[in-house]
Amino acid sequence: VAAEELLASLMLTAGGAVGMEMWARWAHRELWHDAWWNYHESHHRPREGMFEANDIFAVINAPVAMALTAYGFWHEGIFAGACFGAGLGITLFGIGYMFVHDGLVHRRFPVGPIADVPYMKRVAAAHTLHHAEKYNGVPWGLFLGPQELEELGPEAMEDLDKLVTSRDKFLALKSQVQQAEASAKSQTDIQRLVQEAAVAEKKAKDAANPK
């Protein structure tokens, strides 16, 4: 029974995480941009302060995950193992969503090396295109956002590639400005880099809002 319980936990951990991506995609399209727009609208406006009304969605799934993991922890058997795995999968998805969506995409806090992972760059760019609303809100999901755009055809993928390139250039120039300031280079060099970074930032914004 122990081996079967462990297998159930592992399978439901993966299933819970993938299922949450599917749930988030559906809820984002059918609920957040419809009946729950009063809360989600705050996420599509410039944020004032540390929090926004949309943050309530970050804790909605927490009680479910806590209940599932608690039941699985205190009970034995395949069903308990499945519950623990599902709760763990939801939790892992939530942690990943926080780091990628709030940290990497919207820069509410630094995410370290996550920002350098090529696929995560595409995920971030894809979500930026969601905010641009060129493709009627697509992508609605997060981690599989690039795949949603791929289904739309070559134009969407071209926009995605342009945005990734523009963001990379802007962030590289921004890093150079910080290094120049730290090493006390000439003010002329710093001003030149600042101007180049401003141009790159404008190009990144233009890429995020394609005509």
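Here are some notes on the predicted model above, point by point.

1. Ground rules. Residue numbers start from 1 along each chain as its sequence is written, and side-chain values use heavy atoms, with hydrogens and water left out. Since this is a predicted model, local features need pLDDT of at least 70 and side-chain atom pairs count only at pLDDT 80 or more, while totals for chains, interfaces and linings use all residues.

2. Confidence. Mean pLDDT (the predictor's confidence in each residue, from 0 to 100) is 89 for the chain, with 91% of residues at 70 or more.

3. Overall layout. You're looking at 9 helices and 0 strands; these are DSSP runs numbered from the N terminus (helices: H or I, at least four residues; strands: E, at least two). The C-alpha trace spans about 70 × 40 × 35 Å along its principal axes. Of the 211 residues, 39% are buried, meaning under 20% relative accessible area; exposed is over 50% and partly exposed is in between (1.4 Å probe, protein chains only).

4. Helix 4 against helix 5. Helix 4 (residues 62–74) packs on helix 5 (residues 78–105) at about 145°, axes 7 Å apart. Axes are lines fitted to C-alpha atoms, for helices over the stretch in contact, and angles run from 0 to 180 degrees between N-to-C directions. In helix 4, the residues in contact (heavy atoms within 4.5 Å) include Leu68, Tyr71 and Phe73, and those they meet in helix 5 include Phe79, Phe84 and Ile90. By class, this contact has 12 nonpolar, 4 polar and no charged residues. Here Ala, Val, Leu, Ile, Met, Phe, Trp, Tyr, Cys and Pro count as nonpolar, Asp, Glu, Lys and Arg as charged, and the others, Gly among them, as polar.

5. Helix 6 against helix 7. For helix 6 (residues 118–132) and helix 7 the angle is about 65° and the axes lie 8 Å apart. Tyr119, Arg122, Val123, Ala126 and Leu129 in helix 6 meet Gly145, Pro146, Gln147 and Leu149 in helix 7. That contact divides into 6 nonpolar, 2 polar and 1 charged.

6. The two sides of helix 7. Which residues of helix 7 (residues 145–152) are buried? Gly145, Pro146, Glu148 and Leu149 are. They sit on the same side of helix 7 because they cover an arc of only 160° around the axis, taken from the directions from the helix axis to the C-beta atoms. Glu150 and Glu151 are exposed on the face turned away from the buried side. After helix 7 comes Gly153, with a positive phi near 115°.
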